[in-house]
Amino acid sequence: MQIQLLPSSFDAGGSANAAQRLTCFVIDGRVTVDAGSIGIALSDEQRRTVRDVIITHPHMDHIASLPIFVDDLFGELEQPIRVHATEEVIDLLKADVFNDTVYPKFDELKNERGRVMEYVPFQAGKEFRVGHLQATAIKVNHIVPTVGLIISDGNTTVAFSSDTAETEEFWSTVNQAQHLDALFIEASFPDSMEKLARASKHLTPSMLRSELTKLNHNGMDILAVHLKPAFREQVARELNELKIDKLSVMETGRIYEW
Ligand SMILES: [Zn+2]
Ligand SMILES: [Zn+2]
């Protein structure tokens, strides 16, 4: 399984840099987890092959350029972009994003070959198929309805915390997986800003460490993501100081393979 965290910050010359302002993981060039930078940072090849998008929650950093992605591909799509999310999140996307005010109701529009976008609801706790993958969503502890994900291709299994503060069910479900190859976990704020992290329902490095004690698997790669750009170096330093085996900050643009 190949996973890439798309770049979402660019210098004045157009080159991508390490700061992560938006969230969009591309799996095997076909499926994405969230869609923050999907409309601005996919390769031409990925634009031709990504047709399934899982949305964990409707915060802007996770959906920002999804409307632009569908718009760009409108005329050339031979199958709809499938937006997989809970009913709750789909209702929010319909009300607040694809509402004919902020952007068109793409799920009601067609090109010459058919529909350009469709919503595909899934239920938290129930396994569902997305592209060539099996996924299970678990509700996590964020300020809007949000799910973490466990995703498997039959050989490799990975888990995404999405945005969350302390949570329980996510870890107990991950613990039921036969094995875990990689964990993508958020670390938004430095330890000194724990109050803000708790108010906005995110993790600090210390909170991340205590979350990991709930995990029974070991030996997997742990990739920290969602570091707020303004505090990126500080959070990275604090993560490093935890001295947790195989914990690193995920590099944007790099293709990781398990
Ligand atoms: Zn969020
Ligand atoms: Zn976020």
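This report walks through the domains, sheets, core and a few single residues of a predicted model.

Where they meet, 24 residues of domain 1 are in contact with 27 residues of domain 2. On the domain 1 side, at least two residues each come from strand 1 (2-5), strand 3 (31-33), strand 4 (52-54) and helix 5 (87-96). What kinds of residue make up the side of domain 1 that touches domain 2? That side divides into 11 nonpolar, 8 polar and 5 charged residues.

## The sheet that runs from strand 8 to strand 16

Now look for an open sheet of 7 strands, in the order 8-5-4-3-2-1-16, with mixed pairing. Strand 8 and strand 16 (255-257) stand at its edges with a single partner strand each, so one side of each has no neighbour in the sheet. From one strand to the next, the twist averages 25°.

You can follow the pairing strand by strand. Strand 3 and strand 4 run parallel and are paired over 3 bridges, and here V33 has I54 of strand 4 as its bridge partner. Strand 4 is in turn joined to strand 5 by 3 bridges, again in the parallel sense, with V53 partnered by V83 in strand 5. Strand 5 also runs parallel to strand 8 (residues 117-121), and 5 bridges join the two. In this pairing, R82 stands opposite E118 of strand 8.

Why is strand 5 described as largely enclosed by the rest of the structure? The reason is that 4 of the 5 residues in strand 5 (residues 81-85) are buried.

## The sheet that runs from strand 9 to strand 15

A further open sheet of 7 strands has the order 9-10-11-12-13-14-15, also with mixed pairing. Its edge strands are strand 9 (128-130) and strand 15 (247-249), each of which pairs on one side only. The twist in this sheet averages 25° from one strand to the next. Within the sheet, strand 13 (residues 182-186) runs parallel to strand 14 (residues 221-225), and 5 bridges join them. One residue pair to find on screen is L183 with its bridge partner I222 in strand 14.

Helix 6 (residues 169-176) lies across strand 10 (133-139), strand 11 (147-152) and strand 12 (157-160), and it runs at about 150° to strand 10.

| Strand pair | Bridges |
|---|---|
| Strand 3 and strand 4 | 3 bridges |
| Strand 4 and strand 5 | 3 bridges |
| Strand 5 and strand 8 | 5 bridges |
| Strand 13 and strand 14 | 5 bridges |

## A core that both domains build

The largest nonpolar core has 69 residues, and those with the most contacts inside it are I54, L149, F184 and A224. Where does this core lie? Both domain 1 and domain 2 give residues to the core, so it lies between them.

Beyond the residues up to four places away in sequence, L149 touches V33, I54, T56, A135, A137, A159 and F160.

Next, find L93, which sits in helix 5. With 19 other C-beta atoms within 10 Å, L93 is partly exposed; a residue needs 20 or more to count as buried. Apart from neighbours within four places in sequence, L93 is in contact with P58, A85 and F98. L93 and F74 are 19 residues apart in sequence, and their C-alpha atoms are 18 Å apart in space.

D34 has a positive phi of about 70° although it is not a glycine. D34 lies in the loop between strand 3 and helix 1 (38-41). Is D34 buried or exposed? With 27 C-beta neighbours inside 10 Å, D34 counts as buried.

S162, another residue that is not glycine, also has a positive phi, near 55°. Its place is the loop between strand 12 and helix 6. S162 is buried, with 29 other C-beta atoms within 10 Å.

How values were computed
Residues are numbered from 1 along each chain as its sequence is written. Chains are lettered from A and ligands numbered from 1 in the order in which they are written. This is a predicted model: local features need pLDDT of at least 70, side-chain atom pairs count only at pLDDT 80 or more; totals for chains, interfaces and linings use all residues. Two residues are in contact if their C-beta atoms, placed from the backbone, lie within 7 Å. Ala, Val, Leu, Ile, Met, Phe, Trp, Tyr, Cys and Pro count as nonpolar, Asp, Glu, Lys and Arg as charged, and the others, Gly among them, as polar. A residue is buried if 20 or more other C-beta atoms lie within 10 Å of its own, exposed if 12 or fewer, and partly exposed in between; C-beta atoms are placed from the backbone. Two strands pair if DSSP finds at least two bridges between them. A nonpolar core is a set of buried Ala, Val, Leu, Ile, Met, Phe, Trp, Tyr and Cys residues joined through C-beta atoms within 7 Å. Domain bounds come from an automatic or database domain assignment. Axes are lines fitted to C-alpha atoms, for helices over the stretch in contact, and angles run from 0 to 180 degrees between N-to-C directions.
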